[in-house]
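This report describes a structure together with its ligand. Please read it alongside the sequence and the coordinates.

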Amino acid sequence: MNPVNIGICGLGTVGQGTVDVLRRNCAEIAARAGCSIEISHIGARRGADIDGITVSTDIFAVAEDSHVHILVELIGGTTVAKELVLKAIANGKHVVTANKALIAEHGNEIFAAAAEQGVSVAFEAAVAGGIPIIKAIREGLAGNRIEWLAGIINGTGNFILSEMRDKGRDFDDVLKEAQALGYAEADPTFDVEGIDAAHKLVILASLAFGIPLQFDQAYTEGISKISTDDVEYAEQLGYRIKHLGVARQTDKGVELRVHPTLIPDQRLIANVNGVMNAVLVQGDAVGPTLYYGAGAGAEPTASAVVADIIDVARTLNVEPKHRVPYLAFQPNALNDRPIVDINDIETAYYLRMSAQDKPGVLSNVAQILSNAGISVEAITQKEAADGELQVPLIILTSRSVENQLVSAISEIEALDTIEGEVTRIRVESLG
Ligand code: HSE
């Protein structure tokens, strides 16, 4: 078979990793694809000198190159990248991208344009780096009704939480290390505030539930306010704090949320540390399945990019209707179910408050929760620090609706015996 020519746009961490993997494993890749994969054109704004390959500083030259069959978009961002991808599609090229923001925010439009042109858009590397989670949900679990999924899908955030817990390291210090290692986003607030994880969660939820991509509906809460006290108290109660993306089908619609979460420490996913990612998917037929691996970095991400290139190369001449649909479900079968407002979600909660150490305080707090229909599952009062009259009071609640819990918290904060704000972290049993 004739070689398939690819054009790579962006020669940063992932771009360089992709070139290296394609070159190192070229024989195996050709044996799998059924044809050789040639890098025929690279677009890199700073230029590059790679023997035998045309390099353009104008990345759009790759989208205009008639020899290129598959354009590999690795520049990131949502402005130039969107224009580039749409240009490539308009020119009849297939696209492979690692760009989660692009797919989460503009995927509906990109897939519509690609369907018109009859070309593929593959994006395995957009979620959880090297873990083939998109293929697993889209194809491996295709016989299931997927009930929920939960993932640690930002390596930088997980690295920060792990180092804080294990080594008591400072938040900023660990973030700098993640940046130096090439894990963090260009704007690291995307990592720590949950935006990067929300991009990935939105993609997974669409694949799992057959809903259109709806990034603007996802709830995000970051990890920058997590204190070492909460990490420690959670441990004492048998939990780990993880920055989790949760998508769940409920009677009210689909829950789509990223936030710090207490998870029972005996769950495998609670023990995923450092830059590693993991996604737990609950299907009605298969039960729980867990996918684990490197969620960022040059070659783990390149592993997913190259797998997509092989998939697309194999089906270049296949009629579009015989290809796996972009979002797992046929485009006309996508179902626009409502996304549940965060105030209406249901989960359990960890509460920490600073209480006066005197009789009646505990029962007042328990009474407020009980009036709101919220049961107390566990309660612990810590020792007062030397000379302090206030003591930390930790409560684990039953599952309840968020707005009921929020009203109860306001009442608790209004008590004379409670000082300052109540810290609230959601709890998921993932059972
Ligand atoms: N910044 C991302 C992370 C890179 O830390 O997971 C991979 O998407």
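## Basis of the model

This is a predicted model, in which local features need pLDDT of at least 70 and side-chain atom pairs count only at pLDDT 80 or more, while totals for chains, interfaces and linings use all residues. Residues are numbered from 1 along each chain as its sequence is written, and side-chain values use heavy atoms, with hydrogens and water left out.

## Ligand site

A side-chain N or O atom of Lys100 lies 2.7 Å from an oxygen atom of the ligand. Gly155 places a polar backbone atom 2.7 Å from a ligand oxygen, and Thr156 places a polar side-chain atom 2.7 Å from a ligand oxygen. Taken alone, the ligand exposes 260 Å², of which the protein buries 92%; accessible areas come from the Shrake-Rupley method with a 1.4 Å probe, and for residues only the protein chains shown count as cover.

## Salt bridges at the ligand site

The whole structure holds 28 salt bridges, each defined as a side-chain nitrogen of Lys or Arg within 4 Å of a carboxyl oxygen of Asp or Glu. One of them joins the side chains of Lys100 and Glu185, at 2.9 Å from N to O. Because Lys100 lies in helix α5 (residues 100–117) and Glu185 in the loop between α8 (171–180) and α9 (189–192), the pair ties together parts that are 85 residues apart in sequence. Helices (H or I, at least four residues) and strands (E, at least two) are DSSP runs numbered from the N terminus. Lys100 is buried at 15% relative accessibility, whereas Glu185 is partly exposed at 21%; buried means under 20% relative accessible area, exposed over 50%, and partly exposed in between (1.4 Å probe, protein chains only).

Lys200 forms a salt bridge with Asp196, the closest N and O atoms being 2.6 Å apart. Both residues lie in helix α10, four residues apart, about one turn of the helix, and both are buried. Elsewhere, salt bridges that share partners join Lys135, Arg138, Glu139, Asp311 and Arg314 into one network.

## Surroundings of Lys200

Helix α10 spans residues 195–209, and Lys200 within this helix has a relative accessible area of 5%. The Lys200 side chain reaches the backbone oxygen of Ile153 at 2.8 Å. Not counting residues up to four places away in sequence, Lys200 touches Lys100, Ala126, Val127, Ala128, Ile153 and Asn154, contact meaning heavy atoms within 4.5 Å.

## Leu280 in strand β11

Leu280 belongs to strand β11 (residues 276–283) and is buried, at 9% relative accessibility. Beyond its neighbours within four places in sequence, the contacts of Leu280 include Trp148, Leu149, Ala150, Ile269 and Leu430.

## Nonpolar surface patch

Leu362, Val376 and Ile379 make a nonpolar surface patch of about 200 Å². Patches are made of residues with over 30% relative accessible area and no salt bridge, like charges being joined within 9 Å and nonpolar side chains (Val, Leu, Ile, Met, Phe, Trp, Tyr) within 5 Å. Leu362 lies in helix α13 (residues 361–371) and is partly exposed, with a relative accessible area of 34%.

Terms used:
A polar contact is a pair of N or O atoms within 3.5 Å; within protein, one must be able to donate a hydrogen and the other to accept it, and residues adjacent in sequence count only if both atoms are side-chain atoms.
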